[in-house]
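Please read the numbered points below alongside the sequence and the model.

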Amino acid sequence: MWLYMCANNDGPQDPRMKPPAEDLARLGCERVLIFVAERDYLCPAGKNYYEELKKRGWKGRVELVEHLDEKHVFYLRNPTCTNALELTNKFISFIKQNNGSLRSSIESKY
């Protein structure tokens, strides 16, 4: 999982950063949240992934959050800065939204 979240070992040429259109159409979730940092070398790949999801037939919701004037993994270098706290809160909110719908889905099956 870590390789998918932080693919900086292989950089922007990594094929996971531009999956085939048919893989995007079969993405097995309803929501995707993409974070990019303006001064990160992976920022263009993140924005491209966002655009590809929107135009390739995927039926879910995708949101792009860009942190201006930040570099790669800025939230690890300074975890108490305003942008890092904002990122953390956005991520927590995203997970909590999913937990409610997941719980309802599980309860309706049993």
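Is F74 buried or exposed? F74 is buried, with a relative accessible area of 6%, where buried means under 20% relative accessible area, exposed means over 50%, and partly exposed lies in between (1.4 Å probe, protein chains only).

1. Basis of the note. This is a predicted model, in which local features need pLDDT of at least 70 and side-chain atom pairs count only at pLDDT 80 or more, while totals for chains, interfaces and linings use all residues. Residues are numbered from 1 along each chain as its sequence is written, and side-chain values use heavy atoms, with hydrogens and water left out.

2. Overall architecture. The protein chain comes to five helices and two strands, and these follow the pattern α-α-β-α-β-α-α when read along the sequence; helices (H or I, at least four residues) and strands (E, at least two) are DSSP runs, numbered from the N terminus. Of the 110 residues in the protein chain, 31% are buried. Among the contacts with a separation of 6 or more, 63% are accounted for by residues 24 or more positions apart, a contact being heavy atoms within 4.5 Å.

3. The aromatic pair. The structure holds one aromatic pair, for which the rings of Phe, Tyr and Trp (its six-membered ring) must have centres within 6.5 Å, with planes under 30 degrees apart counted as stacked, over 60 as edge-to-face and the rest as tilted. The pair is formed by F74 and Y75, and is edge-to-face, at 5.5 Å centre to centre and with 80° between the planes. Whereas F74 is buried, Y75 counts as partly exposed, at 31% relative accessibility.

4. Surroundings of H67. H67 has its place in strand β2 and, at 2% relative accessibility, counts as buried. Leaving aside residues up to four places away in sequence, H67 touches F35, V36, A37, E38, F74, N83, E86 and L87. The side chains of H67 and E86 are also joined by a polar contact of 3.4 Å, a term that stands for a pair of N or O atoms within 3.5 Å, where within protein one must be able to donate a hydrogen and the other to accept it, and residues adjacent in sequence count only if both atoms are side-chain atoms.

5. Six salt bridges are found in the structure, each being a side-chain nitrogen of Lys or Arg within 4 Å of a carboxyl oxygen of Asp or Glu. One of them joins K47 and E66, whose closest N and O atoms are 3.3 Å apart. K47 lies in helix α3 (residues 43–55) and E66 in strand β2 (residues 61–67), so this pair ties together parts that are 19 residues apart in sequence. Both partners are partly exposed, K47 at 31% relative accessibility and E66 with a relative accessible area of 29%.

6. K54 and E51 meet through their side chains in a salt bridge (3.9 Å, N to O), and both lie in helix α3, three residues apart, about one turn of the helix. K54 is partly exposed, with a relative accessible area of 46%, and E51 is also partly exposed, at 38%. The side chains of E52 and K55 form a further salt bridge (3.7 Å, N to O), and these two residues likewise lie three residues apart in helix α3. Here E52 counts as buried at 14% relative accessibility, whereas K55 counts as exposed at 56%. A network of salt bridges links E52, K55 and R56.

7. The loop between α3 and β2. G60 is found in this loop and counts as partly exposed, at 26% relative accessibility. Although G60 and E30 are 30 residues apart along the chain, their C-alpha atoms are separated by 4.5 Å.

8. A charge over a ring. R31 lies over the face of F94, at 4.0 Å from the ring centre; such a placement requires NZ of Lys or CZ of Arg to be within 6 Å of the ring centre and within 35 degrees of the ring normal.

9. Cysteines. How many disulfides does a search of the whole structure find? The search finds zero, a disulfide being a pair of cysteine sulfur atoms within 2.5 Å. C29 counts as partly exposed at 33% relative accessibility, whereas C81 is buried, with a relative accessible area of 17%.
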